[in-house]
Amino acid sequence: QESTLHVSGTRVHQAPAAVAMARSSSTLRALAIFAAAAVLFQASPGFVGVAPRGALQSTFALQATATAETMGKAARSAEEAVAISRRWAAGWLTLGRALLVMGAGVSGAAVVGLRPGVGRPDARISRHALQTGLVGLPNVGKSTMFNALTQSGKAEMKNMPFSTIEPNIAKAPVPDARVDRLAALSKSGRVVHEMVEYVDIAGLIKNAHKGEGLGNQFLSTIRNVDAIVHMVRCFEAPEIVHVDISLDPLRDAETITLELVLADYDQCEKRMKKNEKDVRGKVPGADKEQSALAKVLALFEVGKPARMAVLTEDERAAVKHLGFITMKPMIYAANVAEDELAEGNAMVDKLRAMAAESGDQVVIVSAAVENELVALGAEERAEYLESLGVTETGVQRLTRATYEMLHLRTYFTCGPEETRAWTIREGWKAPKAASVIHTDFEKGFIKAATVDYETFVKFGSEEEAKKAGKLRYEGKEYVVQEGDIMHFLFK
């Protein structure tokens with residue numbers, strides 16, 4: 001039942017739960033590395049005192065080992081280890097892998113799903129999943145929408161404030177009819193949609209920036225996400241408790257915005273004082289950072305988010321490392337009643353007017369409708385949506401808008417074995433785009449056989465498109481376009 005690891009000469013019994021997670025699924029392998037490492041440290045807190053050797057003999061490794069000890073002590077169970085370690089995943093890949101395989105040899109490879117003799121996991125599992133934080137006041141339908149988005153049932157739903165304490169994390173497929181169309185034409189055995197990862201974050205209240213409610217935890221979690229979906233209650237329901245007693249969507253939205261602004265304000269003010277020394281010392285880039293901070297601080301002083309600041313590219317780059325919460329892109333999700341999903345209501349109109357000031361988008365959703373749809377079959381879902389006067393669900397609207405907000409692009413690979421959507425950043429060139437499949441594709445890139453989606457559908461296959469002279473061979477400088485179907489050639 002247990003796996004025995006010999007780490008730096010010390011025998012450590014690893015928790016069976018961590019081993020089970022490591023073996024459960026290829027999509028969980030990377031996460032299992034970190035979860036198992038955290039549980040390992042929990043089981044043997046004295047291990048940190050042992051000097052790391054071999055692959056861990058570096059300053060980075062020593063610092064990361066201290067972080068590992070903190071994580072291990074915080075984790076009271078394997079499940080908690082998963083939640084904690086997800087937030088540290090990017091920086092923990094190398095350390096977690098080394099901790100589990102050091103001294104364990106092939107046995108370690110079998111536990112964490114590593115390739116024997118290679119010493120690293122498949123490149124696909126190390127791809128960073130972009131996270132979108134789902135925020136709002138308590139009881140606005142946030143957890144209901146999270147469960148509908150991800151169909152995970154992870155978030156607890158209660159008619160009371162702060163029913164969400166620990167953040168829930170799950171992925172939602174990006175709805176894209178093109179994937180299914182390409183799969184049908186290619187007679188693919190497997191269809192893989194791209195995913196967006198959502199984090200259901202504990203509800204925020206007034207004075208959260210001072211730590212009230214679950215404020216400290218909220219602000220810590222939200223700083224780590226890439227984008228924000230702000231749920232705002234736009235429906236009347238006396239039986240559902242409102243944290244401020246009365247319903248006022250604009251006030252509710254402003255409460256959240258102000259708390260985020262105040263949190264950023266404190267950080268900005270401290271950074272400006274510290275950066276003044278660098279400006280006087282003529283440290284390269286310090287003047288650009290100070291200029292950007294001054295512009296951002298002026299907005300904070302009137303309660304406006306940092307994303308409204310007009311910054312040059314150099315200024316934006318200079319403050320990127322600060323990770324201002326209000327610099328993150330945001331979508332307002334207006335949660336309405338079932339019969340208002342198609343057109344919204346007066347509260348939604350007011351929210352749109354407010355969002356327009358900061359250039360933010362409003363998407364109409366109904367958590368109640370989404371909750372009903374989860375239990376229906378495809379035909380019943382279509383009939384239900386038609387009766388409401390809409391053709392797609394709020395979840396589909398929100399997921400698509402989230403994807404677009406992050407300035408992501410999609411290209412496809414397709415064939416008899418698999419049709420898959422791949423996510424890249426806007427403006428990526430062909431070699432970089434190839435790297436999301438495998439880093440070897442970027443290193444050994446030669447060229448990419450490319451055809452746009454419309455042309456592929458018109459001719460029915462890459463081969464037929466080639467016969468018609470529509471297949472292109474693009475080189476290293478080609479900027480991948482939305483909807484390209486690509487076949488990479490590499491050494």
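**Close-up views of a predicted protein model**

Figure 1. Arg-271 is buried, with a relative accessible area of 18% (buried: under 20% relative accessible area; exposed: over 50%; partly exposed: in between; 1.4 Å probe, protein chains only). The model is predicted: local features require a pLDDT of at least 70 and side-chain atom pairs a pLDDT of 80 or more, whereas totals for chains, interfaces and linings use all residues. Residues are numbered from 1 along each chain as its sequence is written, and side-chain values use heavy atoms, with hydrogens and water left out. The side chain of Arg-271 meets that of Glu-289 in a salt bridge, with an N to O distance of 2.5 Å (salt bridge: a side-chain nitrogen of Lys or Arg within 4 Å of a carboxyl oxygen of Asp or Glu). Because Arg-271 belongs to helix H10 (residues 249-280) and Glu-289 to helix H11 (residues 286-300), the pair ties together parts 18 residues apart in sequence (helices: DSSP runs of H or I, at least four residues; strands: runs of E, at least two; both numbered from the N terminus). Glu-289 is likewise buried, at 6% relative accessible area.

**Figure 2. The salt bridge between Asp-360 and Arg-307.** These two side chains meet at 3.0 Å, N to O. The contributing loops are distant in the chain: Asp-360 lies between H13 and S9, and Arg-307 between H11 and helix H12 (313-319), 53 residues apart. Asp-360 counts as buried at 12% relative accessibility, and Arg-307 is buried at 17%.

**Figure 3. Strands S8 and S9.** Strand S8 (residues 330-335) runs parallel to S9, and five bridges join the two (strands pair if DSSP finds at least two bridges between them). Ala-333 stands opposite Val-363 in S9. From S8 the chain crosses through helix H13 (residues 346-357) to S9 in a right-handed β-α-β crossover (right-handed: with the strands pointing away from the viewer, the path from the first strand over the helix to the second runs clockwise). Four of the five residues of S9 (residues 361-365) are buried, so this strand is largely enclosed by the rest of the structure.

**Figure 4. Arg-472 and Glu-474.** The closest N and O atoms of this salt bridge are 2.8 Å apart. Arg-472 is partly exposed at 28% relative accessible area, whereas Glu-474 counts as buried at 18%.

**Figure 5. Confidence along the chain.** The protein chain averages a pLDDT of 74, and 66% of its residues score at least 70 (pLDDT: the predictor's confidence in each residue, from 0 to 100).
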